[in-house]
Amino acid sequence: MAKTEQGNGLDVRDSTEKLTDNGRGSSPRSDPEVNGTIPAETEVDKYGFTGGAQQNSRNLAEEVPPEVLRQREAKWLEMLNSWDKWMAKKHNKVKERCQKGIPPSLRGRAWLYLTGAKVKREQNQGRFEELDNQSGDPKWVDVIERDLHRQFPFHEMFAARGGHGQQDLFRVLKAYSLYRPEEGYCQAQAPIAAVLLMHMPAEDAFWVLVQICEKYLPGYYSTGLEAIQLDGEILEALLRRVSAVAYRHVKKHKLEPVLYMTEWFMCAFSRTLPWASVLRVWDMFLCEGVKIFFRVGLVLLKCMLGTQDKLKTCQGLYETVELLRTIQPQYMQESFLVHEVLVLPVSEKDIEKEHLTQLRRWKETHGDLQCKSPPRMHGAKAIMSAEPPSRQDLKQRPTIIVESPLASKTDGVQTEEAKGTRKTKEGNGHRRALPPLEVVNPYAPVSDPPPLREPEATRGSRESLSSAEHDTYL
């Protein structure tokens with residue numbers, strides 16, 4: 001049950017770019033594969049995928065009308081500007097808006113605030129740069145380099161060997177292995193970091209990764225992976241309440257939870273679901289905590305194994321595992337999955353109660369846990385309550401201030417303000433700091449068509465792993 005180490009049999013191609021020079025890669029070349037560009041004729045979807053299963057899953061997404069998206073953006077901007085007040089007094093409204101889906105243009109910033117990574121970054125200024133400038137442990141550097149080309153190779157950010165996306169991914173993972181040398185690097189951290197880099201700069205992605213590993217999923221990526229095994233037992237126990245038919249089936253065939261849920265939980269469903277569903281699950285997970293993963297897993301198990309008719313095609317252990325690796329598209333469709341997750345009655349109390357039960361059984365059969373992980377925090381509110389931030393740590397720092405076209409020329413705004421200065425002269429009622437105009441992502445998330453039924457089985461985001469390669473988390 002140890003983590004992946006050097007010499008683990010991964011298919012390492014000779015053309016792998018060395019990124020040990022602080023993650024900056026080798027000297028610039030004109031080759032488009034190195035520079036991170038793709039041929040002009042290649043079709044890129046709104047999420048940045050150029051092919052693979054993700055492009056084939058676009059019909060599993062919702063569509064949000066532009067006017068609704070603009071309204072949601074305005075509401076999120078208001079919340080982010082007074083984040084501490086909203087979390088303290090209107091947390092249920094924040095949760096509700098996360099459940100509806102965070103606007104794409106603000107998703108990265110919202111994740112930064114939800115996880116507490118914004119505060120962590122402000123309190124550790126210069127720390128990422130310090131780690132980035134170190135060479136790193138050669139053992140982990142080698143394994144990280146070999147894993148880079150396996151992360152979403154059909155996404156425009158990571159398609160190019162040695163391109164900017166792979167460079168930043170290397171920097172984030174190397175920095176974490178230095179930040180937590182007792183943990184080092186685990187393969188399942190790579191897709192997590194890659195998803196974050198699709199939405200934010202490397203330094204922000206690093207601190208969100210730190211928060212996910214330390215607050216949301218403590219112990220998941222430690223040697224022995226005891227935490228993920230415990231959560232597997234919790235998932236199976238909860239399945240007994242949610243679907244007795246599915247529970248009896250997995251017990252009958254002695255199907256251990258780690259055989260099907262390890263990749264789901266450790267990779268945060270980023271290699272399982274269609275991309276629109278991945279983003280919605282992450283929005284809810286970073287707000288409400290790991291209970292969202294349990295709910296998603298239970299919904300998938302119930303949908304795939306919940307009736308006797310569905311079990312006719314999987315009469316053994318192998319067939320059941322294969323069935324759970326090829327979830328039917330209609331059960332992963334965005335609106336269907338989100339609705340089922342929200343109505344499933346599994347709470348933090350249920351998970352913690354079952355955790356104590358499974359922990360007691362673990363000690364009876366295995367002894368004490370080898371890895372002493374900090375207690376798990378169930379979402380953004382718990383993190384903020386445990387580590388109350390200062391108003392200064394939450395303050396937004398826009399790098400560009402653009403003069404609003406609606407502003408009157410008679411306002412007498414100083415030249416410095418137009419260039420980005422937010423200062424105003426005190427006592428002058430006609431001069432005011434102009435608010436920054438948000439640059440809106442033209443790619444909308446998606447909302448309310450009926451669930452679709454596709455004839456071909458879509459395998460979610462498995463383009464992060466080529467068909468000839470397999471990850472070994474356990």
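## A buried leucine in a loop

Leucine 225 counts as buried, because its relative accessibility is 0%. In this predicted model, leucine 225 sits in the loop between α12 and α13, the latter spanning residues 226–242. Although leucine 225 is not a glycine, it has a positive phi of about 50°.

Lysine 254, however, is exposed, because its relative accessible area is 67% and the cut-off for exposed is over 50%.

## The protein as a whole

The protein has 25 helices and 0 strands. Of its 474 residues, 54% are buried. Among the contacts in the protein with a separation of 6 or more, 79% are accounted for by residues 24 or more positions apart.

Helix α9 (138–147) is mostly covered, with 8 of its 10 residues buried. The buried residues of α9 are Trp140, Val141, Asp142, Val143, Ile144, Glu145, Arg146 and Asp147, and what covers them includes α10. The N-terminal end of α9 is capped by aspartate 137, which has a side-chain oxygen 2.9 Å from the backbone nitrogen of lysine 139.

The loop between α9 and α10 (164–179) holds glutamine 151. Glutamine 151 is buried, because its relative accessible area is 1%, and the limit for buried is under 20%. Its side chain reaches the backbone oxygen of aspartate 147 at 3.1 Å, and a polar contact of 3.1 Å also joins the side chains of glutamine 151 and arginine 271. From C-alpha to C-alpha, glutamine 151 is 9.6 Å in space from isoleucine 192, while the two are 41 residues apart in sequence.

## How α11 meets α12

Two packed helices are described by the angle between their axes and the distance between the axes. Helix α11 (residues 189–197) packs with α12 at an angle of about 135°, and their axes are 9 Å apart. The crossing in which α11 passes α12 is right-handed.

On the α11 side, the contact is made by Gln189, Ile192, Ala193, Leu196 and Leu197, and on the α12 side by Ala202, Ala205, Val208, Leu209, Ile212 and Cys213. Sorted by class, the contact of α11 with α12 has 10 nonpolar residues, 1 polar residue and no charged residues.

Glutamine 211 is found in helix α12, which covers residues 202–216. Glutamine 211 counts as buried, because its relative accessibility is 0%. When its neighbours within four places in sequence are left aside, glutamine 211 is in contact with Thr115, Gly116, Ala117, Lys120, Tyr216 and Ile383.

Histidine 249 belongs to helix α14 (residues 244–252), and it counts as buried because its relative accessibility is 7%. Leaving aside its neighbours within four places in sequence, histidine 249 is in contact with Leu305, Leu311, Cys314 and Thr320. With threonine 320 there is also a polar contact of 2.8 Å, which joins the side chain of histidine 249 to that of threonine 320.

## How α5 meets α16

Helix α5 (residues 91–100) and helix α16 (residues 275–288) have axes that come within 8 Å and cross at roughly 160°. That makes α5 roughly antiparallel to α16, because the cut-off for this description is an angle over 145 degrees. The crossing in which α5 passes α16 is left-handed.

The residues of α5 that make the contact are His91, Lys95, Cys98, Gln99 and Lys100, and those of α16 are Arg280, Asp283, Met284, Cys287 and Glu288. By class, the contact of α5 with α16 has 3 nonpolar, 2 polar and 5 charged residues, whereas the contact of α11 with α12 has no charged residues.

Note on methods. Residues numbered from 1 in each chain as written. Predicted model: local features only at pLDDT ≥ 70, side-chain atom pairs only at ≥ 80, totals over all residues. Heavy atoms only, no water. Axes fitted to C-alpha atoms, helices over the stretch in contact; angles between N-to-C directions. Helix = DSSP H or I, 4+ residues; strand = E, 2+ residues; numbered from the N terminus. Parallel < 35°, antiparallel > 145°, perpendicular 65-115°, else oblique. Left-handed = near helix turned anticlockwise from the far one by under 90°. Contact = heavy atoms within 4.5 Å. Nonpolar A, V, L, I, M, F, W, Y, C, P; charged D, E, K, R; others polar. Buried < 20%, exposed > 50% of the residue type's maximum accessible area, 1.4 Å probe, protein only. Polar contact = N/O pair within 3.5 Å; in protein donor to acceptor, adjacent residues only side chain to side chain.
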